[in-house]
Amino acid sequence: MKLMDMNEVLEKLKSLKDNAKALVVVFSVVLLLDGFVLVRAQFIPLMRMWSKASKVKADIRQAGVDSKSETVFKSRLSDLNTEMANLNKKVVAEEELPQALETISKFAGISTVKILKIRPMSEARHAQKTVKVSNEEELVREKISVTAIAGFTQLGRFLALIENSPVFFDVRKLEIRAGSQENMKHSVTIFLDVILRKS
């Protein structure tokens with residue numbers, strides 16, 4: 001292939017000066033090439049910046065979601081701490097068990113339930129596992145058996161008082177047998193759990 005010398009190139013360009021279409025095409029090609037070289041150098045950093053901007057936008061959205069979650073978590077933690085403090089007040093020490101039994105007797109008197117026998121089932125406590133709450137505190141369930149005579153209304157009032165007691169009582173089992181002497185009174189056995197703080 002022959003190489004053109006510079007004079008021939010200049011001659012061809014001069015011949016194109018009268019042809020407007022050819023000049024527009026050459027000018028467009030030069031502009032496109034120039035634009036591609038210049039814009040490409042600026043377009044690559046721009047693309048990187050867009051990628052970083054989309055990552056930052058996603059991080060901002062996630063931070064908003066996390067902020068709402070943190071607020072909900074703090075609110076729930078505050079509620080749980082309040083609930084734990086209230087439950088902790090309802091737990092009695094081992095030496096306060098007689099006062100818990102007196103509370104049950106007092107509730108029976110209020111609701112006109114006649115208690116025949118009330119006793120802690122200490123033999124069942126030894127089978128219970130203690131729950132270690134902290135290094136200084138262990139909790140254990142004490143089972144209490146209450147045998148009484150009551151009508152349904154009195155029994156309902158008695159159980160409501162027990163469940164709303166300042167001491168944490170958990171009604172585990174309730175047995176009702178029809179009374180033979182009085183139609184409206186029934187023989188009732190209630191098994192309760194009380195949470196004791198071991199000393």
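Which residues of α3 are buried? Keep that in mind while setting up the view. This is a predicted model, in which local features need pLDDT of at least 70 and side-chain atom pairs count only at pLDDT 80 or more, while totals for chains, interfaces and linings use all residues. Residues are numbered from 1 along each chain as its sequence is written, and side-chain values use heavy atoms, with hydrogens and water left out.

**Stop 1: helix α3**

Select residues 97-110, the 14 residues of α3. Helices here are DSSP runs of H or I with at least four residues, strands are runs of E with at least two, and both are numbered from the N terminus. From first C-alpha to last, α3 reaches 20 Å, close to the 20 Å expected at 1.5 Å a residue; the expected span is 1.5 Å times one less than the number of residues.

Now show the side chains of Leu97, Ala100, Leu101, Thr103, Ile104, Phe107 and Ala108, the buried residues of α3. They lie on the same side of α3, because they cover an arc of only 150° around the axis, taken from the directions from the helix axis to the C-beta atoms. Buried means under 20% relative accessible area, exposed over 50%, and partly exposed in between (1.4 Å probe, protein chains only).

Turn to the face away from the buried side: Glu102, Lys106 and Gly109 are exposed there. Just after α3, select Thr112, which takes a positive phi of about 55°.

**Stop 2: what covers α3**

**Stop 3: the strands around β4**

Strands pair if DSSP finds at least two bridges between them. β2 and β4 run antiparallel, joined by 6 bridges; select Ile115 and its bridge partner in β4, Ala148. Strand β3 (residues 131-132) also pairs with β4 in the antiparallel sense, over 2 bridges, and Lys132 has Glu138 as its partner in β4. Between β4 and β6, again antiparallel, there are 12 bridges. Ile144 stands opposite Leu192 in β6.

**Stop 4: the core**

Which residues have the most contacts inside the largest nonpolar core? Select Ile104, Ile144, Phe158, Phe169, Ile190, Leu192 and Val194; the core has 24 residues. A nonpolar core is a set of buried Ala, Val, Leu, Ile, Met, Phe, Trp, Tyr and Cys residues joined through side-chain atoms within 4.5 Å. α3, β4, α5 and β6 each supply at least two residues of this core, and α3 gives the most, with 6 residues.

Finish on Phe169. Leaving aside neighbours within four places in sequence, Phe169 is in contact (heavy atoms within 4.5 Å) with Ala100, Thr103, Ile104, Ile144, Ile162, Leu192, Asp193 and Val194.
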